[in-house]
Structures are given as C-alpha cells and as structure tokens.
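Please examine the sequence and the structure before working through each solution.

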Amino acid sequence: MPEKKKSLNITDAEWEVMRVAWATKETTSKEVTEILNEKKEWKSTTVKTLLSRLVDKEMLGTMRNGNKFTYFPLIEERKSIESLSEEMLEKVCSKKVGRVVTSIIKDSQLSFDDIDQLETLLKEKRKTAVKVVPCNCTPGQCQCHLVR
Ligand SMILES: [Zn+2]
C-alpha cells in the first residue's frame, strides 16, 4: 500500500482565504475581508468563520496582537498546490491521468521557461514510461474491470 498522503480537505472558500494568507504572510480578518470584498462580497463574519475553520484544520496559525488577532499560514503554498494536483489525479483512473495532464497543458498559458521545464521533464519521463498504464481503480468504478 502506498503511503496515504495528507489531503488538504479544505473548501473553495477556505482556499480563497489561504491565498491571501500566503500572499501577505501575516494577515487579519479585516485585511482578508478588504482584499476579497470585490471578488466575493463576503461579510466580515463570514471571513471570521473561514479563518477559525482554517485554524481548526491547522492550515493557519493565529496570534493575539493587542486586541486583534493575526493569522499566518502553517502550510507552504507550494506544498498545498502539490496536494491539490495529487488529489485531482486520485479522482480519475490511472489510465486517464495522461489525458488529464494533456488537457491541463492545453488550457494553460505557459512561459518559455515553463515549456523548457516541461520538455526536460518529459524527456526524463520517457525513460520510465510503460506501454500501458495499469488501472488502480476499485473494480466497478471504471470501465477497465467491466466485463459485460
Ligand atoms: Zn481504472
């Protein structure tokens, strides 16, 4: 059994708040409300709820500063993005992962640097490529096992 990676388990709304925390390094509920006001029109009570949920989930740390609280990320943005893509790829049959990756690249605007990195990576990947990727699904959750 491969080691079960720690999943992010946060909602889209919580993710929006985490992005502010990563960008600012340290923030307050007032600042998060101001920054997300245009995009989300969340009330300050909504932001406070999201912040305290993220503290419960150990995504944010909090510190009392006089009579106000500041919040700071406990998990790196880079790590979270990795978990996010792992979680996404766990949702499809391993035989279809190649298609998902292809469609992500198709839909992305890339820099020359990004493309150089991808080309290098693909050359590396070719060395360990297989003829057919084995299915890793629970029987019945993809067509690989259906004999009808
Ligand atoms: Zn499958």
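**Exercise 1.** Determine which residue of S2 stands opposite Arg 64.

*Solution.* Step 1: Arg 64 faces Phe 69 in S2. Step 2: strands are DSSP runs of E with at least two residues, and helices are runs of H or I with at least four, numbered from the N terminus. Strand S1 (residues 60–65) and strand S2 (residues 68–73) are antiparallel and pair over six bridges, where pairing requires at least two DSSP bridges. Step 3: two residues separate S1 and S2 in a hairpin, and Gly 66 in the turn has a positive phi of about 65°.

The model is predicted: local features need pLDDT of at least 70, side-chain atom pairs count only at pLDDT 80 or more, and totals for chains, interfaces and linings use all residues. Residues are numbered from 1 along each chain as its sequence is written, and side-chain values use heavy atoms, without hydrogens and water.

**Exercise 2.** State which residues Met 18 contacts beyond its neighbours within four places in sequence.

*Solution.* Step 1: with contact meaning heavy atoms within 4.5 Å, the partners are Ile 10, Leu 54, Met 59, Leu 60 and Pro 73.

**Exercise 3.** Identify the helix that gives the most to the lining of the largest pocket.

*Solution.* Step 1: helix H4 (77–90), helix H5 (97–106) and helix H6 (112–127) each supply at least two lining residues; a pocket is an open set of 1 Å grid points where a 1.4 Å probe fits, with protein on both sides within 12 Å along at least five of seven lines, and lining residues have an atom within 4 Å of a point. Step 2: H6 gives the most, with seven residues.
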